[in-house]
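Please keep the model in view while going through the numbered points.

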Amino acid sequence: MNEKLPLIELKNVRKAFEGQTALDGIDLKVAEGEFLGVVGPSGSGKSTLLHIMGGLLKPTGGKVLFRGENLYEDLKLSDYRRSVGFIFQSFNLLDELTVLENVILSMVVSGLQGDKKTALKALEKVGMHERCNAKPSTLSVGERQRVAIARSVARDPLIILADEPTGNLDTENKLKIMGILKALNEEGRTIVVVSHDLFTLKVADRIVELVDGKIVREVAGNGFSWRS
Ligand SMILES: Nc1ncnc2c1ncn2[C@@H]1O[C@H](COP(=O)(O)OP(=O)(O)OP(=O)(O)O)[C@@H](O)[C@H]1O
Ligand SMILES: [Mg+2]
């Protein structure tokens, strides 16, 4: 039987910034519907890896395949990016806009209609619909992170790439965020999360460890599911 084509495959991916190596020969397959965790010390290349997977940063060498097609050579990057939702640690929410307007804007920017109903549905998924008229500056850090997730979800992404989404959060909020990401995974979305949190390791199907731009270890996660 044929092995199912990975959703994303990195083959000997290398990235150097001004001669400095950030990624040094990464081979990695991400299956459709998988929840992958990425850990590693500061400067080990985790964010660089996410950016390359998200179609935001062209590698210096090697190949990135999306469903077997060469992402940086044969595919239209803008189309690919539309199927990817990024969640950053610094939420990049616009403070002059309300929570709802932030979500709508992100849909419009990625070429969608940006209808209120879809935006509110995304906010409901993260439990923030009742705060839709609030300004981000009036929200707690955990609430802002939930709005940032809603902003990605409203675009209905196939893949969610999250860079330390639980950094600076207390335990209760960490659990909430990981529960939301797990629920999105259970809807069939492929998730890659950079995180040092034990909670991530528990919900992930698999964890890879990066050191000095190389994958040094790969372990199975617990694949736990829970509702917070
Ligand atoms: N735009 C850039 N220009 C120059 N060097 C960069 C750039 N982006 C990353 N680097 C370098 O590449 C290496 C890997 O950086 P990266 O941000 O991927 O690490 P990280 O594992 O995400 O670290 P952290 O846990 O601190 O976020 C670092 O040495 C960093 O200084
Ligand atoms: Mg980083």
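1. Two strands are said to pair if DSSP finds at least two bridges between them. Helices (H or I, at least four residues) and strands (E, at least two) are DSSP runs, numbered from the N terminus. By these criteria β6 pairs with strand β7 (residues 159-163) in the parallel sense, over 4 bridges. Valine 84 has isoleucine 159 in β7 as its bridge partner.

2. The model is predicted: local features need pLDDT of at least 70, side-chain atom pairs count only at pLDDT 80 or more, and totals for chains, interfaces and linings use all residues. Residues are numbered from 1 along each chain as its sequence is written, while chains are lettered from A and ligands numbered from 1 in the order in which they are written.

3. Strand β3 (residues 35-39) runs parallel to strand β9 (residues 206-211), and 4 bridges join them; valine 39 stands opposite glutamate 209. With strand β10 (residues 214-220), β9 pairs in the antiparallel sense over 6 bridges, and isoleucine 207 has valine 219 as its bridge partner. The two strands β9 and β10 form a hairpin with 2 residues between them, and aspartate 212 in the turn has a positive phi of about 50°.

4. How do the two helices lie relative to each other? The axes of α6 and α7 come within 10 Å and cross at roughly 10°. They are therefore roughly parallel to each other (angles under 35 degrees count as roughly parallel, over 145 as roughly antiparallel, 65 to 115 as roughly perpendicular and the rest as oblique). Among the residues making the contact are Ile149 of α6 and Ile180 of α7, where contact requires C-beta atoms, placed from the backbone, within 7 Å.

5. Valine 194 is placed in strand β8. Is this residue buried or exposed? Valine 194 is buried, because 24 other C-beta atoms lie within 10 Å; the term buried requires 20 or more such atoms, exposed 12 or fewer, and partly exposed a count in between, with C-beta atoms placed from the backbone. Leaving aside neighbours within four places in sequence, valine 194 is in contact with residues including Val38, Leu50 and Ala162.

6. Two further residues deserve attention for their backbone angles. Most residues other than glycine have a negative phi. Asparagine 12, in strand β1 (residues 8-17), has a positive phi near 45°. Glutamate 18, in the loop between β1 and β2 (20-30), also has a positive phi near 45°. Asparagine 12 is exposed, with 12 other C-beta atoms within 10 Å, and glutamate 18 is exposed, with 4.

Note on methods. Axes fitted to C-alpha atoms, helices over the stretch in contact; angles between N-to-C directions. Contact = placed C-beta atoms within 7 Å.
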